[in-house]
Amino acid sequence: MTGPAKTPRQSEAVIADLMMPQHANGLRVPSVFGGVIMSMVDRCAALSAMRHAGGQATTLSIDKILFKEPIWVGELVEIRSRVVFVGSTSMAVLANVYAENIAQGSRRHANECWLTFVHLGLDGKPAPVPQLILETAEDRLLHEVAERRRAQSLAERR
Ligand SMILES: CC(C)(COP(=O)(O)OP(=O)(O)OC[C@H]1O[C@@H](n2cnc3c(N)ncnc32)[C@H](O)[C@@H]1OP(=O)(O)O)[C@@H](O)C(=O)NCCC(=O)NCCS
């Protein structure tokens, strides 16, 4: 049975971690390895999908992640995500990545990523998700963007 409709705010999730030397890549001037950020993004977005679905969810796609600038060892990485669109069994999640240099008191938006999750029922098959209540102008805008992205992805489906 599908639960009651929820707002994007009800699926908000946050994870944060201090970047340590084991998170670095192999560059001459090391920055944080992109796979570390991708793993954090996937885990945070999964929490949002599970919060919205009220059950388990699996990653269908990680659509785009653009590393605009490096994140450095010693910075705090914070991921914030929420469900911005739902189909019947799938959910689009937008995750934003912030990097904070606590010593310098500076914080920046490092990148954003769109992901799609599918709610799985107890039998492991795709199952219906609650509807999404759009409360704000931003909710409606992100919903439109996600709807267009989904239509394009479905049109390209093999
Ligand atoms: C996710 C998975 C269960 C979906 O299986 P499936 O056979 O494609 O299921 P369906 O055809 O019923 O599609 C499920 C949903 O995904 C959507 N979908 C499938 N392919 C899509 C694509 N290329 N683009 C956008 N949405 C897509 C469908 O539209 C449907 O959503 P809707 O019900 O909201 O319309 C299956 O692909 C899977 O198990 N993948 C592996 C997941 C995984 O291992 N992830 C990494 C570890 S978490």
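Biologist: Hi! How many residues surround the ligand, and which are the closest?
Modeller: In this predicted model, 14 residues surround the ligand, and the closest are Gly87, Ser88, Thr89, Ser90 and Ser153. A residue counts as near if its C-beta atom, placed from the backbone, lies within 6 Å of the molecule. Numbering starts from 1 along each chain as its sequence is written. Local features need pLDDT of at least 70, side-chain atom pairs count only at pLDDT 80 or more, and totals for chains, interfaces and linings use all residues.

Biologist: Which elements give two or more residues to that shell?
Modeller: Strand 2 (57-65), strand 5 (106-119) and helix 2 (137-155). Helices (H or I, at least four residues) and strands (E, at least two) are DSSP runs, numbered from the N terminus.

Biologist: New topic: how many residues are in the largest nonpolar core?
Modeller: That core has 35 residues, and Val41, Met91, Val93 and Ala95 have the most contacts inside it. A nonpolar core is a set of buried Ala, Val, Leu, Ile, Met, Phe, Trp, Tyr and Cys residues joined through C-beta atoms within 7 Å; buried means 20 or more other C-beta atoms within 10 Å of a residue's own.

Biologist: And what is Val41 in contact with?
Modeller: Leaving aside neighbours within four places in sequence, Val41 is in contact with Ile65, Ile79, Ala95, Val97 and Cys113. Contact means C-beta atoms, placed from the backbone, within 7 Å.

Biologist: Stepping back, in what order do the elements run?
Modeller: From the N terminus on, β-α-β-β-β-β-α, with 2 helices and 5 strands in the protein.

Biologist: What share of the protein is buried?
Modeller: Buried residues make up 29% of the 158 residues.

Methods:
A residue is buried if 20 or more other C-beta atoms lie within 10 Å of its own, exposed if 12 or fewer, and partly exposed in between; C-beta atoms are placed from the backbone. Two residues are in contact if their C-beta atoms, placed from the backbone, lie within 7 Å.
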